[in-house]
Amino acid sequence: MKIINKKGNKALIYYNNNFYVVGQANNLATGYVDETLIFKSEPDGTVVDYSEVGGAKYASLDEVLNNINEYLY
């Protein structure tokens, strides 16, 4: 897995011949991580389809990036 770009709670990655956008959503009231989702994307980071292809509740962006194969559906 190669991280192309990572800013804040979002990353563009290249993994297994595909590009993905990985985004972490935080609870606005508590600031804690609600979920991190994975979406297929173009090489420039444009999401191809907003049906998630992976992710998890209560997992941070770094947790998902460190174990991407476990978080893809």
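Let's start at glutamine 24, which is buried at a relative accessible area of 16%, where buried means under 20%, exposed over 50% and partly exposed in between, with a 1.4 Å probe and protein chains only. This is a predicted model, in which local features need pLDDT of at least 70 and side-chain atom pairs count only at pLDDT 80 or more, while totals for chains, interfaces and linings use all residues. Residues are numbered from 1 along each chain as its sequence is written, and side-chain values use heavy atoms, leaving out hydrogens and water.

Glutamine 24 sits in strand β3, residues 18-26; helices (H or I, at least four residues) and strands (E, at least two) are DSSP runs numbered from the N terminus. Leaving aside residues up to four places away in sequence, glutamine 24 touches Asn9, Val33, Glu35, Thr36, Ser60 and Leu61, a contact being heavy atoms within 4.5 Å.

Now for the rings. The structure has two aromatic pairs. In one of them, the ring centres of tyrosine 14 and phenylalanine 19 are 4.7 Å apart with planes at 50 degrees, so the pair is tilted. Rings of Phe, Tyr and Trp (its six-membered ring) pair if their centres lie within 6.5 Å; planes under 30 degrees apart count as stacked, over 60 as edge-to-face and the rest as tilted. Tyrosine 14 is partly exposed at 31% relative accessibility, and phenylalanine 19 is partly exposed with a relative accessible area of 21%.

Stepping back to the whole chain, you will find two helices and five strands, following the pattern β-β-β-β-β-α-α along the sequence. Of its 73 residues, 32% count as buried.
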